[in-house]
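These are my notebook entries on a single protein chain. I set down what I looked up, entry by entry.

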Amino acid sequence: MKNVLSSGENQKILVVDDTLDNLIFLSSILESKGYCVYIANDGPSAISIAMNHSLDLILLDIMMSPMNGYEVCNYLKSHAPTSNIPIIFMSGLSHVDDKIKAFQMGGVDFITKPFQYQEVIVRVEHHLELNQIQSQLIHLNLQLEERVKQRTLQLEQANEQLLKIVLHDPLTGLWNRGAFMEQLKQAFQHSQESPDQQYAILCLDCDRFKVINDSLGHFAGDELLIAIAERLQSFIDPPDLIARLGGDEFVILLNPLNSRNPQQIASQILDSFSHPFTLGIRNIFINVSMGIAVSNTRYQKPDDLLRDADTALYQAKALGKGRYQLFEPEMYQAVLQRLQLETDLRKALTNQEFSVHYQPIISLDSGIIIGFEALVRWYHPTQGLISPGLFIPIAEETGLISRLGEWVLRESCHQISTWKQQKLTDYPLTVSVNLSALQFAQHNLIKQIDQILEESQLEPQYLNLEITESAILDHPENASEILKQLKERRINLSIDDFGTGYSSLSYLHSFPVNILKIDRSFISPIDDNPQNLGLVPVIISLVKTLGMKVIAEGIETAQQLAQLRKLNCNAGQGYFFSKPVNSKIATNLIQSCPHW
């Protein structure tokens, strides 16, 4: 008996022939069609394979020894495990009596040698299809008989399946919103009857899921949601339950709470998200924000507890994401104000309530202004100046950051071009503009930048785009291509807020970055004492070794400036020089030719 030639998941065919050339020819053409092929060169070997494997079809030569094909067929048809395998006889005999005998023995077809490729394939496909149909019919008949015998049981099973469809999320298999609300009502009713039996709700929302979904595609987004659901399930046991409310929102019901601490469970879940999710060859990091609400006698209906957990979730996001927050009554009013702010933010773009302020960037070698960072400001018609720390996160969550970022880029390029035309300095000024992660993931980003540069008549080398570490490392393949195209246009690229994200210098070798900005958190401890320089000297030294320039953010004292100059830091910005100012004040500042 020969070895198996193919062991795929497709239909299985046994080829029996005592001529090697025939075996090679038939196995080759059948494998090319994706079939799993077994071969045998005599009758006993063929019987052994048929008895030990679930075959879908047998191609059987007639003229063999010690058993001819008729004898092999007779043996297989007389044994139950192999009696229903369709057999196609193969022979160089073409007399009609031979064909009649083949059919009388139980064969389903007859192929005359020498073989014709198309004839073999057509006949094999035809009988496999017939066999499949026959198997289906047998299966259906058995099902009908079983339904007659166990109609009641089948109705119950169908009802269970229907409930599963109705009550479960089709993507993750978790409970859906409707089913969760029903369980929540039961928990509420039980707590009303037994007030000492508390329960808790944990609402979860993924941070930056939209960016991942938009950049990697919805299929990858679905894979990530399934992986998140599996990870969350590892933290609960019945009767607790977890549900997917929709999108990237999940909710956990801890019932009964007993002596468990929901904050501790939330903390454990957050810790688990420090480990990446593996999607194919890609490792994805994603955080979740969580809101917690615990039952008490003040609640009048179950929906209120879910509302409060959701309110706490909003608060967790507002405080920086990647954290949990326990609901407190005063949060509700804060969330209402935040929702109003979101509504007002949408109107603000249309009503032109935004302006760009410019913070000077100073050369620490010459002490003169060499450029500006563009920073958006919002003057609300009734509330006045709104902190960027409040509205930028909302703009990112709602997707408005793309429109807002485009507007800031256009305004900034026009302004720096205007200053250049006015010849306020005898050297060119640059403008640094932040690109959000969502902007960086846009498919039309390069086209958008080209259009703005053409409109403003600004040479590309005077534009510096600031990108966060996470925006690059979340999507390194796309980032590499985008950064390459920007570099080809001579647009300068800088890593913003270095030290607050991945904080890895290794990737700087791979991407065409010109400038690294050291985050203010590294600068603020600096004073006259050299021991308080922290990692700043190391960062500056390594970055300069890579041929890049360094800008220190958040310089506020003369001591910080002096120490950074000793370290040969290229440039800096901060309140020691100037806070961000509007274009008119910035113009006056340039004209005054300050030196620090």
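This is a predicted model: local features need pLDDT of at least 70, side-chain atom pairs count only at pLDDT 80 or more; totals for chains, interfaces and linings use all residues.

**Entry 1: Lys 579**

Is Lys 579 buried or exposed? Its relative accessible area is 52%, and over 50% counts as exposed, so Lys 579 is exposed. I located Lys 579 in the loop between strand S21 (571-572) and helix H22 (583-591).

Which residues does Lys 579 contact, leaving aside its neighbours within four places in sequence? I found Tyr 358, Gln 359 and Pro 360. Pro 360 is 219 residues from Lys 579 along the chain, yet the C-alpha atoms of the two are separated by 8.1 Å.

**Entry 2: aromatic pairs**

I next looked up the aromatic rings. With ring centres within 6.5 Å taken as a pair, the count comes to 11 aromatic pairs. In one of them, the rings of Phe 372 and Trp 419 have centres 5.1 Å apart. Their planes stand at 40 degrees, so I recorded this pair as tilted. Phe 372 belongs to strand S14 (residues 369-380) and Trp 419 to helix H14 (residues 401-422), so the pair ties together parts that are 47 residues apart in sequence. Phe 372 is buried, at 0% relative accessibility. Trp 419 is also buried, at 3% relative accessibility.

I then turned to the pair of Trp 378 and Phe 391, which is edge-to-face. The distance is 5.6 Å centre to centre, with 90 degrees between the planes. Trp 378 lies in strand S14 and Phe 391 in helix H13 (residues 388-398), so this pair ties together parts that are 13 residues apart in sequence. I noted 0% relative accessibility for Trp 378, which counts as buried. Phe 391 counts as buried at 0% as well. Together with Phe 354, Trp 378 and Phe 391 form one aromatic cluster.

**Entry 3: a charge over two rings**

Over which rings does Arg 231 lie? I found Arg 231 over the face of Phe 277, at 3.7 Å from the ring centre. Arg 231 also lies over the face of Phe 273, at 5.8 Å from the ring centre.

**Entry 4**

I returned to S14 to see how it pairs. S14 and S16 pair in the parallel sense over four bridges. Phe 372, already noted as buried, has Val 431 as its bridge partner in S16.

Strand S16 (residues 430-435) in turn pairs with S17, again in the parallel sense, over five bridges. Val 433 has Leu 465 as its bridge partner in S17, and Leu 435 stands opposite Ile 467 in S17. How many residues of strand S17 (residues 463-468) are buried? I recorded five of the six, so S17 is largely enclosed by the rest of the structure. For background, I wrote down that the strands of a sheet pair through backbone hydrogen bonds, either parallel or antiparallel.

**Entry 5: an open sheet of five strands**

I also followed an open sheet whose five strands have the order S7-S8-S6-S11-S12, with mixed pairing. Which strands stand at the edges? They are strand S7 (241-246) and strand S12 (324-326). Each has a single partner strand, so one side of each is left without a neighbour in the sheet. Direction ignored, neighbouring strands of this sheet are turned by 20 degrees against each other on average.

Leu 241 stands opposite Leu 253 in S8. I then looked for a helix lying on these strands. Helix H11 (residues 302-318) lies across strand S6 (200-206), S8, strand S11 (288-294) and S12. H11 runs at about 140 degrees to S11.

**Entry 6: cysteines**

Lastly I looked for disulfides. A disulfide is a covalent bond between the sulfur atoms of two cysteines. How many disulfides does a search of the whole structure find? The search finds zero. Cys 203 is in no disulfide, and the nearest cysteine sulfur, that of Cys 206, is 13 Å away. A disulfide needs the two sulfur atoms within 2.5 Å. Cys 203 counts as buried at 3% relative accessibility. Cys 36 counts as buried too, at 1% relative accessibility.

Note on methods
Residues are numbered from 1 along each chain as its sequence is written. Side-chain values use heavy atoms; hydrogens and water are left out. Rings of Phe, Tyr and Trp (its six-membered ring) pair if their centres lie within 6.5 Å; planes under 30 degrees apart count as stacked, over 60 as edge-to-face and the rest as tilted. Helices (H or I, at least four residues) and strands (E, at least two) are DSSP runs, numbered from the N terminus. Buried means under 20% relative accessible area, exposed over 50%, partly exposed in between (1.4 Å probe, protein chains only). A charge sits over a ring if NZ of Lys or CZ of Arg is within 6 Å of the ring centre and within 35 degrees of the ring normal. Two strands pair if DSSP finds at least two bridges between them. Axes are lines fitted to C-alpha atoms, for helices over the stretch in contact, and angles run from 0 to 180 degrees between N-to-C directions. Contact means heavy atoms within 4.5 Å.
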